[in-house]
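Hi everyone, thanks for coming.

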Amino acid sequence: MKFESIICNSEPFTANGNLAAEGVRKLLGTPNVSALETLVRETAQNSWDARLRHLVPTYQIRVRYADSIVKSTLQQFFRGRPPIAVDEPIGIALGTFLKQEKMLLMEISDFNTIGLSGPVRADIPLAENETANFVNFLRNIGSARDIHLGGGTYGFGKSAIYAFSRCQTLIVDTLTLNQAGQPERRIIAAAIGQQFRTETQNYTGRHWWGIDDSGTVVPITGIDAEELAKHLGLPKRNTEDTGTTLVILDPRLEDLQPSQDESEQSRSLAGPIVLGDRLSDILLWHFWPKWVPDSSGKNPMEFRIEILGESVEIPSPLAYPPLNLLAQSLQQVRQRHDGDKISSERPKKLLGHLAITEDFFSFTSEGRLYKSLGEESLIPKTLSHIALMRPAELVVRYQVGQVNPENQRSWGGVFVCSEEAEVEEAFASAEPPAHDDWISDSLTRPAKTYVNVALKRIKERCDQQSGRGSSIRVDNLVEGPSVAALSSQIGKLLLGFGNSPAISPSKVTPQSVTKKRTTPKQLQISPAVAVGTRLTFDGCTVTFQFSVHGPSGLETRLSLEPLVVIEGSTTDKTAPNGKAPELLALNGPNPNAWEAKTQQLAIRCNGELETWEAEVSVPDYVAITLEVQEVRV
């Protein structure tokens, strides 16, 4: 490879004017998701749209440090830069990056896709049946969608790729078919900075690196491109393995940057794991439909992640609560059940299909990703969401509800708009550049009607599933050890793993709705209420809540006995496997009041209502309850 032939071309303003680089960056708008989410959403969506219809596309993210060969290649490739003398930011940022001892690169690749095909210059007209993928990605701004039922509508979101680089520069490597139908490897680099001027010329702030073609930079091709790809460490591609690789220079990956409180050595151990889990979390939350097998039994898309040489295992949403609820709903939508139709009346039109799957369990999920990311995980522990999609089956956004207080079950739904051209185009046009919402403000009728009616019906169904508008009546506390109940049963709590139909009906008095009362003359104890469950590596646990209220100075003891519910109100001390539920933890006003030797809770009342929480293990595929009684001496 002769690097002397590679030049840097900065785009000048023409007499008729151009779009400045600042305008290109602003075209994305303000997405509702993070920069990393936007990057993954945009690129994975592009890969899906570029898929070859007879093959399953693969989307791959690889993060690596440049070795000595790659570093030398990058330094020679970017020898020519924008003029630093005029403080153009790209030249300064690139110079800083190329001097770093550790050059971080982020590759985003796809395989079994069409690649960036078509002319390499924007002034060359398209031949018959030729696409303009190359110029639409690297030259033009805002080209209209040319893929029927595609996930994207415009190329505005590509600015997110440049923005994720600290030097706003990327290398584009693509293998595609040229106009003659022959495989052609193409490599070019591009950057988006800000407009600047010299003494003789105004410039837009856009730059390209490649081979000079009458004043315009075109990509390196053929054997030179193959050799350059090898020296840059890019994925190998045979003549049939068409697709594209984007190399983001100096990516904004905060998980790999040591903080002030952490040494680089400690961060180098934890950072790759967290980053791998974060990318998995993003892919699953936004692209879980691509794991749901189609009619042929194949996943519509494959995903791979590699961080600093280590492959990351991405859990399947089919077996990863609570995403499994969404997967089941999508399967129902694909079957087009008549009862799940959403339609408008004027004009009369089928707008799409909606399905909701309710969990038979009533627990919160704390899978691998949540354990790694905590509250930063996009996947909620408890699901109450409807995923909104077009027929491309890419999640636009979620309509968020709540867990119904009457049954305490998680649920997940899916709405996919109709494939009919008029309807699908309405929803596609309602998406902003980041493709993360449906906004009808700029639409005209009937498209505006289609979107508004569908969103209204979806919200109504979400509210209905959430139990919004319903009320809970709480009976007054009465004297005695079993002293309170609701007028209606809140849930049938299914605990444990698997698909066991066992249930434990409980009449409960949630502390959050219990009113403060005057001091009673004798002890009052509310029944133990199951307020939440949790999955751990050791199994499943349930948290029970109960209240104690008695006259000031009263001293007594309570027994807390976890029991297995056999049938109806029948209980037993052990599960069918011979194991018994165990009290693991007790939290309240005075946790030291629990005496392990006697298995009793010593209570000294102070006239105020006291609330206690007990965590109990679930020994098998069973429902459990917690019996709280005063110990009679």
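Two strands pair if DSSP finds at least two bridges between them. The helices (H or I, at least four residues) and strands (E, at least two) I'll name are DSSP runs, numbered from the N terminus. This is a predicted model, where local features need pLDDT of at least 70, side-chain atom pairs count only at 80 or more, and totals for chains, interfaces and linings use all residues. Residues are numbered from 1 along each chain as its sequence is written, and side-chain values use heavy atoms, leaving out hydrogens and water.

Let's begin with the sheet. It is open, with 5 strands in the order S13-S14-S17-S15-S16 and mixed pairing. Strands S13 (341–344) and S16 (395–400) are the edges, each pairing on one side only. Strand S15 (residues 384–389) runs antiparallel to S16, over 5 bridges. Look there for Leu388, which stands opposite Arg397 in S16.

Now, which helix lies across S13, S14, S15, S16 and S17? That's H12, running at about 20° to S14. Such angles run from 0 to 180 degrees between N-to-C directions, with axes as lines fitted to C-alpha atoms, for helices over the stretch in contact.

Helix H12 (residues 447–466) also meets helix H11 (residues 421–429): their axes come within 9 Å and cross at roughly 75°. So H11 is roughly perpendicular to H12, a label for angles of 65 to 115 degrees. In contact (heavy atoms within 4.5 Å) are residues including Val423 and Phe427 of H11 and Tyr450 and Val451 of H12.

Definitions and conventions:
Angles under 35 degrees count as roughly parallel, over 145 as roughly antiparallel, 65 to 115 as roughly perpendicular and the rest as oblique.
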